[in-house]
Amino acid sequence: MARMHSGGKGRSGSSKPSVSEAPAWSATDKKEVEDLIVSLAQEGHSTSVIGTLLRDQHAVPDARLVMGERISQTLARNGISPRYPEDMMNLMRRALGLIDHLAGNRKDLHNRRQLELCESKIRRLARYYKSTGQLDESWAYKRDQLRLMVE
């Protein structure tokens, strides 16, 4: 698939090997891994940070192989899911940083364009999350209310 806002084509990076079960050396107790996921989420970690901590500190190379579901699904089942999806929140934080930068650098046309592209991605994701029910139908991206949504 091509890139969204550039002329680049193709997919870069490595892909994970296709395996259907966790390795023998890993921690495979479902209840223990679920408790770890819930405790790390209550400490305020995002799902990607939880996956990294499980891999690096708790010998769980892939939580999905152990649990049979993604970390975000485990959190939603336990009632701890965040208000906004993680990818959308990261884009909103990026947009907020660009807005702050442009407040002091009004003639920075390159970053003004990057803000427009970032906001376009936010709106596109919002349309997807509204259709899947993860975001309220009445939600709308508003630049002046962005700081309240992120904090």
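Here are some questions and answers about a predicted model.

Q: Why is Asp29 called partly exposed?
A: Let's check the value. Asp29 has a relative accessibility of 43%. Buried means under 20% and exposed means over 50%, with partly exposed in between. Asp29 therefore counts as partly exposed. You can find Asp29 in the segment before α1 (30-42).

Q: How do you know that the buried residues of α2 line one face of the helix?
A: Start with the residues themselves: Ile50, Leu53 and Leu54 are buried in α2. Looking down the axis of α2, you would see its buried residues fall within an arc of 100 degrees, so they line one face of the helix.

Q: What covers the buried residues of α2?
A: The cover includes α1, α3 and α4. Here, contact means heavy atoms within 4.5 Å.

Q: What makes up the lining of the largest pocket, by class?
A: The lining has six nonpolar, five polar and six charged residues. There are 17 lining residues, and Lys16, Gly51, Asp62, Arg70 and Ile71 lie nearest the centre of the pocket. A residue belongs to the lining if it has an atom within 4 Å of a point of the pocket.

Q: Which element gives the largest share of that lining?
A: That is α2, with six residues. The volume of this pocket is about 480 Å³.

How values were computed: Residues numbered from 1 in each chain as written. Predicted model: local features only at pLDDT ≥ 70, side-chain atom pairs only at ≥ 80, totals over all residues. Heavy atoms only, no water. 1 Å grid on protein atoms, 1.4 Å probe; cavity = no way out; pocket = protein on both sides within 12 Å on 5 of 7 lines; lining within 4 Å. Points joined across faces, edges and corners; volume = space filled by probe spheres on them. Helix = DSSP H or I, 4+ residues; strand = E, 2+ residues; numbered from the N terminus. Nonpolar A, V, L, I, M, F, W, Y, C, P; charged D, E, K, R; others polar. Buried < 20%, exposed > 50% of the residue type's maximum accessible area, 1.4 Å probe, protein only. Arc of directions from axis to C-beta.
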